[in-house]
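I opened a new page for this fold. I want the strand layout, and then the helix packing.

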Amino acid sequence: MVDHLLKLLICSVFALNAQLVFGDSFLNFTFLESAVSKGAVCLDGSPPAYAFDKGFGDGANNWVVFLEGGGWCNSKSDCLDRAKGYFGNSISRPFNRTFFSGILDQTQIFNPDFYNWNKVFVLYCDGASFMADVERVDPKTNLTYRGARIFDAVMDEVLAKGMKNAENAILTGTSAGGLATMLHCDKFRGLIPNAGRVKCISDSGFFIHGTNLPGAEYRLRRFAKVVKTHKLAKLLPSSCTSKMDEGLCFFPENFVRDIQTPLFILESAFEKFQIEENLIPCVGGKPKWSNCTSNLTLCTSNELQIMKDFRSAFIETLEKVVDKSSNRGLYVHSCYRHGHFNGRDGWMCSSLVGNYALGNKTIGKAISDWYFDRSPFQEIDLKNESPINCTSTLTHKEFGKECEVHGLNN
């Protein structure tokens with residue numbers, strides 16, 4: 001799981017470097033050394049970290065907090081391996097910095113509603129979606145399971161920087177950070193009770209159990225092991241754990257209806273990570289599927305049917321638990337993709353790649369309109385029954401130019 005995500009991160013770094021010429025930028029991490037005494041540390045004991053871009057103009061009192069994703073570790077040995085790399089400590093990131101794009105983009109043309117907001121990127125280094133709070137350090141491994149304390153420490157920091165006076169605020173995140181966004185959504189709202197508008201946006205964080213798909217027990221076992229390893233049973237939503245096994249309460253479908261704060265869910269019906277990591281191991285394994293997952297035109301009819309079955313289960317699950325009120329936003333396309341907010345092709349320029357204009361809106365436009373109550377948005381692509389390759393054939397430079405023209409015309 002970590003290897004898969006690490007490859008995505010490395011590819012993103014190369015891609016994002018190329019986009020810098022079009023206004024995006026890297027920001028340095030701030031290490032919260034003061035949080036160590038409170039026990040708010042990464043798996044390896046290193047301090048938590050975040051990157052901050054100060055707001056200005058009419059965005060000076062508005063905040064967007066982004067929780068990084070990167071999978072989970074579900075055993076001592078798994079967490080020990082993780083502690084040595086990107087997602088288990090705060091000292092292994094190249095140049096101690098991260099990239100701001102998508103909803104964190106600093107350029108008005110590419111991010112017109114949020115470009116001048118205060119923006120916070122919270123580094124992910126605990127392996128349990130910022131949820132664990134285990135007091136005891138493992139004496140054999142020296143591992144610390146303290147994701148919840150990291151979340152609290154960074155929130156204390158940004159509240160002191162001015163978020164306590166926020167007029168508008170967003171909690172968002174991708175993948176495991178998207179799951180964390182849902183788990184922390186109401187808590188985040190409670191931190192800034194005087195803010196006029198607080199909403200949450202989960203990007204690629206709606207991981208399904210898929211009870212009617214192959215491998216349902218496999219998926220439950222994986223999440224149950226995360227819950228057990230990080231001792232999350234008493235920290236997950238009690239509205240869920242009071243009714244079912246705690247392992248099931250790591251699946252958003254079992255607690256999302258109880259979230260009181262407005263929530264937007266951004267997903268692909270052909271969710272790349274879930275298909276490759278949570279389904280394919282149960283239907284032949286990754287080596288057998290390698291041609292298909294690397295090139296959709298090479299998928300066999302049987303492989304395509306399995307992916308279609310996932311799509312059906314995914315949409316059915318969402319429709320059961322996401323109500324039709326304006327407090328819920330939904331954007332579910334058919335591109336074979338995981339994660340959107342690490343580039344402009346998953347935000348204001350999403351219509352330039354594949355089927356990324358549901359309701360005639362880009363992802364960024366749909367979310368912005370929903371956030372500011374300009375219009376509700378709940379759209380699922382029901383036309384395309386097969387996965388779409390939405391990777392641009394343009395070079396990074398060419399795509400940047402096309403994206404800039406698109407921004408000027410919208």
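**Entry 1**

I started with strand 7, residues 197-203. I find the strand mostly covered, with 6 of its 7 residues buried. I keep in mind that the model is predicted.

Next I looked up the partners of strand 7. On one count, strand 6 (residues 168-174) pairs with strand 7 over 7 bridges, in the parallel sense. I then followed the chain from strand 6 to strand 7. The path goes through helix 4 (residues 176-191), and this β-α-β crossover is right-handed.

Strand 8 (residues 263-268) also pairs with strand 7, again in the parallel sense, over 4 bridges. Here I wrote down Ser202, whose bridge partner in strand 8 is Ile265.

In which order do the 10 strands of the open sheet stand? I read 4-1-2-5-3-6-7-8-9-10, and the pairing is mixed. Strand 4 (97-100) and strand 10 (378-380) are at the edges; each has a single partner strand, so one side of each lacks a neighbour in the sheet.

Strand 1 (residues 25-31) pairs with strand 4 over 4 bridges, in the antiparallel sense.

Which strands does helix 4 touch? I find strand 3 (62-67), strand 6, strand 7 and strand 8 on the list, and helix 4 packs on the sheet. The direction of helix 4 makes about 155° with that of strand 6. I take that as roughly antiparallel, because the cut-off for this is over 145 degrees.

**Entry 1: helix 3 against helix 4**

For a helix pair I want two values, since two packed helices are described by the angle between their axes and the distance between the axes. Helix 3 (residues 147-161) and helix 4 pack at an angle of about 30°, and their axes are 12 Å apart. Angles under 35 degrees count as roughly parallel. Helix 3 and helix 4 are therefore roughly parallel to each other. I logged the crossing of helix 3 and helix 4 as right-handed.

Last, I listed the residues at this contact. From helix 3 come Phe151, Asp152, Met155 and Leu159. They meet His184, Lys187, Phe188 and Leu191 in helix 4.

Key:
Residues numbered from 1 in each chain as written. Predicted model: local features only at pLDDT ≥ 70, side-chain atom pairs only at ≥ 80, totals over all residues. Heavy atoms only, no water. Buried < 20%, exposed > 50% of the residue type's maximum accessible area, 1.4 Å probe, protein only. Helix = DSSP H or I, 4+ residues; strand = E, 2+ residues; numbered from the N terminus. Pairing = 2+ DSSP bridges. Right-handed = clockwise from strand over helix to strand, strands pointing away. Contact = heavy atoms within 4.5 Å. Axes fitted to C-alpha atoms, helices over the stretch in contact; angles between N-to-C directions. Parallel < 35°, antiparallel > 145°, perpendicular 65-115°, else oblique. Left-handed = near helix turned anticlockwise from the far one by under 90°.
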